[in-house]
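Please look over the sequence and the structure shown below before reading on.

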Amino acid sequence: MPSSPLISRVHHCRTPLLRPSAALVNQRASFSSLRHFCSSPEIVNETAKDVLDQTVLLNDIFAETERSDEEIKEALDLKNICITHELILGFLQSSITNLDVVRRVFYWVSRNQGEKLSSKSYNWMLGILGSNGVAKDVWEMIALMKSKGYGVSKGAYDRILEKFQTDGLDDDVEKLRNLYSSGSVSCKNNDVGSAPGKLAYGVTELIRREIWGDHVEKQLSDLNVEFSTGLVAKVLGGLQSDTNKAVIFFRWLQESGTFVHDQGTYNTIARILSREDHSQKFWSLCSEMRSKGYELEKETYIHLLQQFIQRKMLKDAVDLYEFSMAGTDKPSTRDCTFLLKKIVVSKELDMELFKRVIRCFTSNGNSLTDAHLSAVIKSLVSVGKLMTEWDPILSAMEEAGYSRSSWGNHELSFELCRHDKSGKLLDNGHYSPRDHGTWHSAIEGYCSSGNMAGACNCFRLMLKKEGVEVAGYGHLLDLLVTTFCTKSTSLRGYDFISEMVNEKGLRPSHPAYKTLISKLLSKLHLKEALATMSMMKAHGYPPSLDLFMNYLSRQGSPEEAVNFTKALTSKKLPATSIYIQLLSQYIAAGRISEAQELLSKCPKYIRNHGDVLNVFCSNQI
């Protein structure tokens with residue numbers, strides 16, 4: 001095979017892009033002859049510390065557009081992120097970020113640590129630009145790559161060409177095809193020159209302009225061309241917009257004995273056939289390829305899966321996954337998560353496809369984990385299907401051997417209750433928290449969505465099933481009170497706390513009482529605030545005098561002040577100091593007439609008390 005021109009086929013990489021998890025290390029120890037690869041840049045890496053965390057952190061750092069290069073370096077050091085070739089590839093192959101962030105990361109690395117970028121890095125970036133239809137940036141990137149001696153991979157070429165065609169960029173399509181056909185003398189280590197490119201272009205144009213027949217076959221034979229893998233791949237690539245002619249040429253080479261197809265040419269034609277209207281031919285070719293001992297290469301598999309997903313061809317995507325899992329070049333364990341997510345967000349959930357993926361995954365020695373459940377839950381939430389689809393999905397996973405941990409139980413409980421708009425999920429017995437922790441998660445879920453009826457109902461059910469002595473209810477009471485007050489439903493919060501204290505014998509915390517009193521007073525509900533203070537005092541907490549003093553002195557009537565003094569103590573009258581403080585605050589607030597009226601309503605011994613009279617005299621009243 002000649003050395004690669006500018007557009008070159010990229011071979012399968014035997015070295016994993018990302019450091020493996022312990023489970024994957026063990027798997028490789030048992031099946032050392034197998035090569036695993038990741039199917040899509042959208043797949044989230046399960047190796048949290050090595051890949052997911054660093055990729056997410058990298059995204060967060062570069063999402064802030066105002067940071068200078070030095071500030072970025074400091075942020076990377078602070079997060080203990082070391083820029084490596086593998087990390088950048090992993091980042092480019094993920095989809096947790098947007099195009100602007102990808103640009104900032106790539107160009108920052110190229111300016112500051114350019115040695116960490118390879119031809120592969122540039123091709124991934126080029127493919128991303130092409131997939132987003134940014135024609136100007138695509139050509140600038142190709143020029144930059146030529147200046148560095150890098151060629152354009154076949155995978156990047158295909159992605160760019162398809163997007164240009166979809167967007168109707170005819171001039172760019174023609175320019176790209178000419179680039180593909182002509183090759184590049186600027187490509188590093190390219191000693192072939194432009195001759196193969198010109199030859200491929202000539203063969204492609206001959207086939208394009210003629211209706212296939214004996215005369216075309218004769219012209220091809222008369223060329224006396226010695227076809228190689230690279231040349232055949234280039235011609236097929238040039239014919240990809242005319243799938244039928246590409247297939248006819250592929251078969252003619254085979255049947256005429258002109259060329260014996262190898263893994264490279266089989267992969268090229270497989271890419272071309274990955275369209276809905278050629279599905280039967282595609283799968284027939286895959287079977288033929290495997291019968292000859294060939295496998296789908298890494299980039300081919302990624303390309304095909306992406307195409308199937310983008311075209312909503314979920315059945316073909318699952319078929320592809322099963323086909324690859326049955327071969328020697330097995331997809332990454334993370335592909336299972338990727339496919340499950342895509343299946344559950346589809347317009348109509350196909351449970352048979354869902355089950356096929358998990359059966360294929362588990363039959364190859366893998367186990368479903370909480371990470372799979374979490375990914376599926378988040379996907380269901382994103383399309384508003386959690387409440388209708390969670391049960392059959394969870395059942396299917398459990399039938400495949402999945403066993404929820406306490407963390408999985410908590411997340412499921414939280415998300416179900418967070419999205420239970422009716423608040424009746426727990427009433428009909430369709431779902432019931434398994435333990436104390438999941439009850440907490442359920443109540444927190446209701447509170448997070450502001451569904452206080454559901455939260456209170458859930459709390460009552462917890463007390464009924466777990467008992468009033470259940471540990472940790474104080475935290476939940478605090479949460480419920482805070483949420484009631486945040487949602488400006490303090491009266492409902494008061495009713496609930498009264499029920500829990502007077503009927504269930506519960507003991508809210510001092511901060512919970514103070515929060516509720518503060519909110520009740522802000523809404524002018526003095527009667528309920530005083531009743532709350534009485535409950536608080538009964539539990540041995542000191543009354544929150546400042547809250548009431550501030551409220552009364554600013555907007556309370558003298559009658560309300562008197563009611564406050566009566567509620568403050570179980571004795572006949574409160575201490576003189578209370579009256580002095582209250583009258584002083586009225587006067588300080590400039591409410592002189594209200595202070596005088598309050599004084600007139602005080603007991604005689606208070607009206608005649610020297611310290612009380614001094615309050616008025618010192619203010620020259």
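## The start of α14

Which backbone nitrogen does a side-chain oxygen of Asp262 reach at the start of α14? It is the backbone nitrogen of Gly264, to within 3.1 Å, where a polar contact is a pair of N or O atoms within 3.5 Å, one able to donate a hydrogen and the other to accept it, and residues adjacent in sequence count only if both atoms are side-chain atoms.

## Basis and confidence

This is a predicted model, in which local features need pLDDT of at least 70 and side-chain atom pairs count only at pLDDT 80 or more, while totals for chains, interfaces and linings use all residues. Residues are numbered from 1 along each chain as its sequence is written, and side-chain values use heavy atoms, with hydrogens and water left out.

The mean pLDDT (the predictor's confidence in each residue, from 0 to 100) of the protein chain is 82, and 86% of its residues reach 70 or more. Among the elements, helix α1 (residues 22-30) has the lowest mean, 32, whereas helix α19 (residues 351-363) has the highest, 97.

## An enclosed helix

Helix α14 (residues 263-272) is largely enclosed by the rest of the structure, because nine of its 10 residues are buried, that is, under 20% relative accessible area with a 1.4 Å probe, protein chains only. Among them are Tyr266, Asn267 and Ile269, and the cover over the buried residues includes α8, α12, α13, α15 and α16.

## α14 beside α15

The axes of α14 and α15 come within 10 Å and cross at roughly 165 degrees, and the two helices are therefore roughly antiparallel, a term for angles over 145 degrees. Tyr266, Asn267, Ile269 and Ala270 in α14 meet Phe282, Leu285, Glu288 and Met289 in α15.

Terms used: Helix = DSSP H or I, 4+ residues; strand = E, 2+ residues; numbered from the N terminus. Buried < 20%, exposed > 50% of the residue type's maximum accessible area, 1.4 Å probe, protein only. Contact = heavy atoms within 4.5 Å. Axes fitted to C-alpha atoms, helices over the stretch in contact; angles between N-to-C directions. Parallel < 35°, antiparallel > 145°, perpendicular 65-115°, else oblique.
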